[in-house]
Amino acid sequence: MSERKVSIEQMAEAVMDGLIEYAGLATDVMKDCVTKAGNTVKSEVKANAPVRTGQYKKGWAVKKQKETANSLELVVHNKKRYQLTHLLEKGYAKLKWYTKTGHGGGRFWTGYMLRFNTVYIVHKHCSPTK
């Protein structure tokens with residue numbers, strides 16, 4: 001913001017100009033931050049993804065969900081094997097005959113914590129102190 005002399009009558013306009021300039025700069029910085037966080041989440045998920053055939057690992061992408069003048073929403077998703085993402089995140093049911101006693105049931109947990117890694121990375125890249 002440049003220094004300029006203004007009269008009392010023009011004070012409100014000068015303050016609004018400064019606020020609009022600041023809002024534009026803050027929006028640009030936040031959009032860059034969100035883009036970096038989205039790409040980092042994608043690379044981290046790819047690095048930590050289980051590998052069997054490699055299709056699940058290769059399918060990760062970042063997609064713009066919504067972009068306005070003041071906001072940017074990105075989605076990190078798996079284009080090819082989205083069903084597997086749900087199973088790895090939520091676990092899946094055991095069959096009764098799987099257990100030795102036959103009573104069984106319960107759930108298999110994979111230990112693949114996509115959601116927690118995502119939240120950690122987003123907070124790391126888009127902290128309010130930056």
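The legends below describe close-up views of a predicted model of one protein chain.

Figure 1. In sequence order, the elements of the protein chain follow the pattern α-α-β-β-α-β-β-α. The chain has 130 residues, and 20% of them count as buried. Its accessible surface comes to about 10200 Å². Carbon and sulfur atoms account for 58% of that surface. Among contacts between residues at least 6 apart in sequence, 42% join residues at least 24 apart.

**Figure 2. Helix 1 runs from residue 11 to residue 48.** This helix has 38 residues. From its first C-alpha to its last, helix 1 reaches 55 Å, close to the 56 Å expected at 1.5 Å a residue. Buried residues of the helix include Ala 14, Gly 18, Thr 27, Lys 31 and Cys 33. Ala 37, Gly 38, Val 41 and Val 45 are also buried. Strand 1 (60-67), strand 2 (72-78) and helix 4 (114-125) are among the parts that cover the buried residues of helix 1.

**Figure 3. Thr 27 and Lys 36 are two residues of helix 1.** Which of the two is buried, and which is exposed? Thr 27 has a relative accessible area of 14%, so Thr 27 counts as buried. Lys 36 has a relative accessible area of 56%, so Lys 36 counts as exposed. The cut-offs behind these words are under 20% for buried and over 50% for exposed. Apart from its neighbours within four places in sequence, Thr 27 is in contact with Ala 69 and Asn 70. For Lys 36, the view also includes Val 122, which lies 86 residues away along the chain. The C-alpha atoms of Lys 36 and Val 122 are separated by 9.1 Å.

**Figure 4. The largest nonpolar core has eight residues.** The members of this core are Val 41, Val 45, Ala 49, Tyr 56, Trp 60, Leu 88, Leu 114 and Ile 121. At least two residues of the core come from helix 1, and at least two come from helix 4. Val 41, a core residue, is in contact with Val 76, Thr 118, Ile 121 and Val 122 when its neighbours within four places in sequence are left aside. Of these contacts of Val 41, Ile 121 is also listed in the core.

**Figure 5. Leu 114 is a residue of helix 4.** Is Leu 114 buried or exposed? Its relative accessibility is 15%, so Leu 114 counts as buried. With neighbours within four places in sequence left aside, Leu 114 is in contact with Val 45, Trp 60, Thr 85 and Glu 89. Val 45 and Trp 60 belong, like Leu 114, to the largest nonpolar core. Leu 114 and Val 41 are 73 residues apart along the chain. Their C-alpha atoms are separated by 9.2 Å.

**Figure 6. The largest pocket has a volume of about 370 Å³.** The pocket is lined by 19 residues. Which of them are closest to its centre? They are Val 41, Leu 74, Val 75, Val 76 and Thr 118. Helix 1, strand 2 and helix 4 are the elements that each give two or more residues to the lining. Strand 2 supplies the largest share, with seven residues.

Notes: Residues are numbered from 1 along each chain as its sequence is written. This is a predicted model: local features need pLDDT of at least 70, side-chain atom pairs count only at pLDDT 80 or more; totals for chains, interfaces and linings use all residues. Side-chain values use heavy atoms; hydrogens and water are left out. Helices (H or I, at least four residues) and strands (E, at least two) are DSSP runs, numbered from the N terminus. The expected span of a helix is 1.5 Å times one less than its number of residues. Buried means under 20% relative accessible area, exposed over 50%, partly exposed in between (1.4 Å probe, protein chains only). Contact means heavy atoms within 4.5 Å. A nonpolar core is a set of buried Ala, Val, Leu, Ile, Met, Phe, Trp, Tyr and Cys residues joined through side-chain atoms within 4.5 Å. Accessible areas come from the Shrake-Rupley method with a 1.4 Å probe; for residues, only the protein chains shown count as cover. On a 1 Å grid over the protein atoms alone, a cavity is a set of points where a 1.4 Å probe fits but cannot get out, and a pocket is an open set with protein on both sides within 12 Å along at least five of seven lines; lining residues have an atom within 4 Å of a point. Grid points are joined across faces, edges and corners, and a volume is the space filled by probe spheres set on the points.
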